[in-house]
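My entries follow in the order I made them.

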Amino acid sequence: MVGATGFLGTEICRRIAEKGMPLRALVRESADPARVEALRELGAELVTGDLRDRASLDRACAGAGIVFSTATSIIREGEISAVDEAGQLNLVDAAREARVERFVYISFEELGTGAPLEHAKRAVEERLRASDISYTILRAGLFHETWLSAATGFDAANGTVNMYGSGEAELSWIALADVATAAVNSLDLPETEDAVVHVAGERLSYRDVIAAFEEVTGRSLAVQQVPAEALAAQRDASSDEREQSFAGLMLGVAAGSPPGDGEEWLRRLGVVRAVTVRDVASRA
Ligand SMILES: NC(=O)c1ccc[n+]([C@@H]2O[C@H](COP(=O)([O-])OP(=O)(O)OC[C@H]3O[C@@H](n4cnc5c(N)ncnc54)[C@H](OP(=O)(O)O)[C@@H]3O)[C@@H](O)[C@H]2O)c1
């Protein structure tokens, strides 16, 4: 498991351990000790390494049956080309040379962000498709935990939210826990082999989401509209990959995500009742 100390990776590791499968986690020397300790408590074998260090990936993949990768550098170092792209490509190569049976890669829907992070995701997907490893590319919708949080401008606790673009475009929403369940259960569903699998809970526009929060909490939200043109200008003016990626992602959110069979896949992958935006609002 690469990305084991992250939000999604931790959830996936918990489910792997619950299934009684052996678990090996690549952890960085700089990782949060509490998160590393939690992995140890799950019984994970820990291998120190980094996506930028190919030898460490060879050590991590040696003898492994399945590789899950959720890793991303967007939150911490923001080294998108070196980690999300070159590093993940290194991991695919290491997994192929170690003859792993399956590579489960966490990606996101085509948002047309024009940003380095989306470029990286597509490059890794392409490398997997071209390789002879059996793979599952899981393209997940927007995580509630990211996009309904103050970090992305959705600060319901303080009554203010940013709305990207007109807020009318539909988006696919999903909870981290449901992505984790789908990722682990994909190993048991033959149709996920060598496939791009879309996973999504509900389709709602930002305006729908805001209305749901207002109705459930009984409090109105002050909405700050961020025009798509401003986001495009921010992306194009920046020379920093993380800033370009965040602005690009927000631009993608403004444009909406493609409709698809994400809800159907989620059910087939064992998520009988997906967490809804109303569930999130009722906990807010
Ligand atoms: N947020 C969304 O709406 C959304 C939607 C669809 C897909 N996704 C994808 O979901 C995945 C998981 O997201 P998340 O929220 O779990 O991310 P996260 O909490 O930021 O976790 C990132 C993980 O990657 C690891 N990492 C960072 N740089 C690394 C490097 N150089 N070498 C090895 N590991 C490295 C981190 O390790 P440390 O703990 O050491 O930093 C951490 O374990 C990402 O790939 C993201 O693109 C997200």
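**Second largest pocket.** I began with the second largest pocket, which 19 residues line. Pro22, Arg24, Ala64, Gly65 and Ile66 lie nearest its centre. Its space is about 360 Å³. Strand 1, helix 3 (54-61) and strand 3 (66-69) each give at least two residues to this lining. By class I noted 15 nonpolar, two polar and two charged residues there.

**Basis.** The model is predicted: local features need pLDDT of at least 70, side-chain atom pairs count only at pLDDT 80 or more, and totals for chains, interfaces and linings use all residues. Residues are numbered from 1 along each chain as its sequence is written, and side-chain values use heavy atoms, with hydrogens and water left out.

**Terms.** A pocket is an open set of points on a 1 Å grid over the protein atoms alone, where a 1.4 Å probe fits, with protein on both sides within 12 Å along at least five of seven lines; lining residues have an atom within 4 Å of a point. A volume is the space filled by probe spheres set on the points. Nonpolar covers Ala, Val, Leu, Ile, Met, Phe, Trp, Tyr, Cys and Pro; charged covers Asp, Glu, Lys and Arg; the others, Gly among them, are polar. Helices (H or I, at least four residues) and strands (E, at least two) are DSSP runs, numbered from the N terminus.

**Largest pocket.** I then turned to the largest pocket, with a volume of about 1400 Å³. Of its 50 lining residues, Phe7, Thr70, Thr72, Ile74 and Ile75 are the closest to the centre. Elements that give two or more residues to this lining include helix 1 (7-18), strand 4 (102-108), helix 5 (116-130) and helix 10 (241-255). I read the classes as 26 nonpolar, 14 polar and ten charged.

Which order do the strands of the open sheet take? The order is 6-9-11, and the pairing is mixed. Strands 6 (142-143) and 11 (202-205) are at the edges with a single partner strand each, so one side of each has no neighbour in the sheet. Strand 9 (residues 170-174) runs antiparallel to strand 11, and four bridges join them. Two strands pair if DSSP finds at least two bridges between them. Glutamate 170 stands opposite serine 205 in strand 11.

Strand 3 pairs with strand 4 in the parallel sense, over four bridges. Serine 69 has tyrosine 105 in strand 4 as its bridge partner. From strand 3 the chain crosses through helix 4 (residues 80-97) to strand 4, a right-handed β-α-β crossover. Right-handed means that, with the strands pointing away from the viewer, the path from the first strand over the helix to the second runs clockwise.

**Cysteines.** I looked for disulfides (cysteine sulfur pairs within 2.5 Å) and found zero. Cysteine 13 is buried at 0% relative accessible area, and cysteine 61 is buried at 2%. Buried means under 20%, exposed over 50%, partly exposed in between (1.4 Å probe, protein chains only).

**Positive phi.** Arginine 99 is not a glycine, yet its phi is about 55°. This arginine sits in the loop between helix 4 and strand 4 and is exposed at 72% relative accessibility. Aspartate 194 also has a positive phi, near 55°. Its loop joins helix 7 (176-185) and strand 10 (195-199). Aspartate 194 is partly exposed at 42%.
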